[in-house]
Amino acid sequence: MTRTVVSVVMLCILAATVIAEDPYVYYTWNVSYGTISPLGVPQQAILINNQFPGPEINGSSNNNIVVNVFNNIDEPLLFTWHGIQLRKNSWQDGTPGTMCPIQPGTNFTYKFQVKDQIGSYFYFPTIGLQRVAGGVGGLRVFSRLLIPVPYPDPEDEYWFIIGDWYTKSHKTLQGFLDSGRSIGRPDGVVINGQTAKGDGSDKPMYTMKAGKTYKLRICNTGTKDSLNFRIQNHPLTLVETEGSHTVQNVYDSLDVHVGQCFTTLITADQEPKDYIVVASTRFTKYSLTGKAIISYEGSSTPPSPDLPPAPVGWAWSLNQFRSFRWNLTASAARPNPQGSYHYGQINITRTIKIVNSVSREGGKLRYAINGVSHADPDVPLKLAEYYGYASKVFDYNLISDNPTDVSKITIAPNVLNATFRDFIEIIFENHEKSIQSYNLDGYSFFLVAMEPGRWDESKRQNYNLLDAVNRHTVQVFPKSWSAIMLTFDNAGMWNMRSENAENRYLGQQMYFSVLSPGKSLRDEYNLPITQQTCGFLKDLPVPAPVYS
């Protein structure tokens with residue numbers, strides 16, 4: 001073969017490779033402070049492109065997402081992509097344990113792939129209590145065109161970003177926590193950054209055509225409170241939660257715990273007028289309600305002032321969880337049915353019990369996991385590990401898999417080693433009187449059980465080993481436990497955190513270090529050339545690529 005022919009062949013191969021790459025979606029964000037009045041009180045908030053909630057990230061399964069973030073606030077900044085697994089790429093996870101922050105007046109470009117995922121997600125800022133001040137928005141991932149979706153295309157899609165809200169600034173609230181105080185109860189509940197009066201004077205948030213079906217993407221991006229979501233006279237058909245198609249049960253309302261997302265369908269089959277959308281607090285001594293208006297096209301009839309009642313007690317919520325089922329015959333991001341993965345037949349290689357606790361020793365409030373209250377070091381954990389300086393920054397495995405005494409708290413970086421590709425059972429035990437909600441970055445897991453009391457091995461006989469929903473958040477009711485199962489098949493440094501902002505800020509989080517034993521690029525990417533460094537690593541030479 002001549003050199004010319006070889007060159008032509010190589011060019012053809014290169015062209016085919018470029019053509020085969022998954023599509024790119026680009027965004028530019030200007031992050032700044034602005035004045036908004038979600039509860040009628042002017043206050044400073046974190047805006048993205050002058051919006052709250054921020055602009056939607058919109059892509060399809062396997063798209064590459066590129067977000068260029070310009071930090072124009074007076075604090076360091078990071079964003080995480082809540083629920084996006086970032087396969088092989090914890091470098092883009094946007095948590096203080098994986099990335100150096102974007103300093104004020106600078107920018108950083110995130111690049112990540114939504115590999116083999118579909119569904120409703122959101123993003124938020126991770127440093128301090130910035131999420132309390134805004135900076136959140138929706139992230140939706142559609143199925144690829146050739147992958148069937150188990151319901152007809154809706155007439156339209158509507159976001160409902162719900163959450164409790166404080167009128168005090170995030171810096172003021174952070175000062176409370178730094179001084180040993182709690183941030184206390186929220187001031188209200190907002191829906192898409194506002195709340196309606198419900199007296200006929202409100203403009204509709206969305207409009208529906210009579211007889212048509214609409215998809216609602218509902219996410220609780222709040223600070224501490226579980227919320228019940230409902231719409232006057234319109235039942236909700238659950239079709240997806242956190243990347244999994246579900247059995248399509250119908251609900252009058254849904255309990256949406258902090259950090260959780262649901263996708264539902266509603267049909268505009270009622271009298272053509274205005275209706276109130278309600279999001280109200282659950283499991284609290286106080287009652288806060290956010291409202292929005294959804295209107296039928298051409299309606300001039302105000303909504304009824306009578307709001308649908310909220311459920312009472314957490315037993316109702318527990319039973320609702322038990323009704324959620326994985327749709328075994330539906331395809332998600334891949335052509336094969338979800339039920340082709342038989343998680344219940346895999347042998348468990350390790351059981352980790354996670355016990356949350358609280359301390360007020362010395363007048364300082366701290367929260368912990370298995371007796372360790374996490375503190376972020378000056379150098380991100382992942383960078384220290386990659387540069388070979390982990391021992392200078394943190395100690396692995398300060399916590400045990402089966403804690404017996406969590407009454408005393410140690411403040412330190414909390415990092416637990418996990419063996420690559422092990423199938424692991426994690427038990428969350430909540431000894432406190434308030435509900436807990438956890439998220440695990442980098443993964444989805446099967447939420448197989450939750451019950452009152454303490455866990456022991458006999459409880460496994462009550463696990464759902466057939467059609468538990470695969471998701472990335474888990475609620476743990478007071479004095480109760482929840483069990484999840486997953487394979488640690490995504491190498492990286494992954495944050496597991498309380499979704500309660502106060503708890504998270506004061507230490508109720510940790511990291512799993514999952515290392516590729518073969519140091520293979522099939523398992524994890526090397527340090528990106530655009531990655532920022534900080535702390536004592538800033539002046540050190542970049543190490544040679546670790547993975548090949």
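**Ground rules**

I number residues from 1 along each chain as its sequence is written, and in this predicted model local features need pLDDT of at least 70, side-chain atom pairs count only at pLDDT 80 or more, and totals for chains, interfaces and linings use all residues. Side-chain values use heavy atoms, with hydrogens and water left out.

**Entry 1: the whole chain**

I looked up the secondary structure and found 6 helices and 33 strands. Both are DSSP runs numbered from the N terminus: helices are H or I with at least four residues, strands are E with at least two.

The C-alpha atoms fill a box of roughly 75 × 70 × 55 Å along the principal axes.

I then checked burial. Of the 548 residues, 58% count as buried, meaning under 20% relative accessible area with a 1.4 Å probe and protein chains only.

I also looked at contacts (heavy atoms within 4.5 Å). Among those with a separation of 6 or more, 78% join residues 24 or more positions apart.

**Entry 2: the largest pocket**

Rolling a probe the size of a water molecule over the atoms shows where empty space is left. A pocket is an open set of points on a 1 Å grid over the protein atoms alone, where a 1.4 Å probe fits, with protein on both sides within 12 Å along at least five of seven lines; lining residues have an atom within 4 Å of a point. Grid points are joined across faces, edges and corners, and a volume is the space filled by probe spheres set on the points.

The largest pocket has a volume of about 1,300 Å³. It is lined by 49 residues. Gln 85, Arg 87, Lys 115, Asp 116 and Arg 334 lie nearest its centre.

Which strand gives the most to this lining? I found β6, with 5 residues. β6 spans 107-113, and β31 (480-487) also supplies at least two residues.

**Entry 3: the second largest pocket**

The second largest pocket has a volume of about 680 Å³. Its lining has 29 residues, and Lys 224, Lys 433, Ser 434, Ile 435 and Asn 500 are the closest to its centre. β21 (350-359) and α6 (501-505) each supply at least two lining residues. The largest share, 3 residues, comes from β21.

Terms used
Buried means under 20% relative accessible area, exposed over 50%, partly exposed in between (1.4 Å probe, protein chains only).
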